[in-house]
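Please open the structure in your viewer and keep the selection panel at hand.

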Amino acid sequence: MKGIDIEMVSENAVIAGGKPFTVGVKIHHHEGYHTYWQNPGIAGVPVKLEWKLPEGFSAGPIQWPHPEKSMMAIHPVHGFERDVMLLVEITPPAKLESTRVGLKATASWMACADGCYPGRKELSCEVTAGDAAKPDPILASAFEKARTELPKPLEGWKVEALSEIDAPEVKLRLIPAAGQIGQVKELYFFSSDGQISSDPPQRVTKFGDGFEITAERSAYGPKGQPKLPGVLMVTTAADGGQAFGTIEPAFPGGSAKVVQASPTPAAAKECDCEK
């Protein structure tokens, strides 16, 4: 495949009736290539999966790893340059009719480097059906790593949306957890539903005990949304480490949500975020 290698694997070697299990779509990027996150930004197409499952089986949504800032030619985008595994929960029926179960999905994607190359491939894997579910020990570490890359709510941070619903500029106020403000070097917000694109650049300013992010609302994003869901990237001054936490503040008029996010890898210093 141009730009990537892609395959499907199951976390379980044995599945049991009615017991959900997880499959992973592993993506290896060839040097210089990237694929796209759920909201690619100003350009790009995210990975999509069209499932073909046995009767009674159902597939949940893609559980997206934290994104990266990347470039498609001159355009800043949201995607993946590192190798990733996209997790999907599969729920089998209560009664399994066969001892061998085949899972299939058609994956489609866009891989970009010097140019962009659409791709499509039929993915499949097989699992054994039994009385008790059993994980595949060979794949345990790969699935464990994939789960560490799923953003979780930020611990101790307070996040507030200052702008109105559908305002042309989106403003966020962020107050870090106690003792962390001095450790923050950079902040960046990845909008998961496309209310904010990847271009133009976001502006970050510091005030007393926190920060404000100002971003231009995307002309192509959804309208009338009461909340602003996404992933906040926190880069720390001490070691340049990054942490990613989900946030979903309500716009004024809704019930503002105080988020909690995974702790930053090293605690925070003066913000050099004037970008």
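In this predicted model, begin by selecting E149 and R82 with their side chains shown, since the two side chains are joined there by a polar contact of 3.2 Å.

Is E149 buried or exposed? With a relative accessible area of 11%, E149 counts as buried, because that value is under the 20% cut-off. To see what surrounds it, select P65, H66, R82 and V84, which E149 touches when residues up to four places away in sequence are not counted.

Next, move to I27, and leave V84 displayed, for I27 touches V84 as well as I4, D5, I6, T35, V47, D83 and L86, again without counting residues up to four places away in sequence. I27 also belongs to the largest nonpolar core, a set of 35 residues in which I6, I27, L86 and L103 are those with the most contacts inside the core. Colour the strands that each supply at least two residues of this core, among them strand 1 (4-10), strand 3 (21-29), strand 9 (84-91) and strand 10 (100-112). Strand 10 gives the largest share of this core, with six residues.

Finally, select W157, F189, L228 and F251, which are included in a second, separate core of 21 residues.

Conventions. Residues numbered from 1 in each chain as written. Predicted model: local features only at pLDDT ≥ 70, side-chain atom pairs only at ≥ 80, totals over all residues. Heavy atoms only, no water. Buried < 20%, exposed > 50% of the residue type's maximum accessible area, 1.4 Å probe, protein only. Polar contact = N/O pair within 3.5 Å; in protein donor to acceptor, adjacent residues only side chain to side chain. Contact = heavy atoms within 4.5 Å. Core = buried A, V, L, I, M, F, W, Y, C linked by side-chain atoms within 4.5 Å. Helix = DSSP H or I, 4+ residues; strand = E, 2+ residues; numbered from the N terminus.
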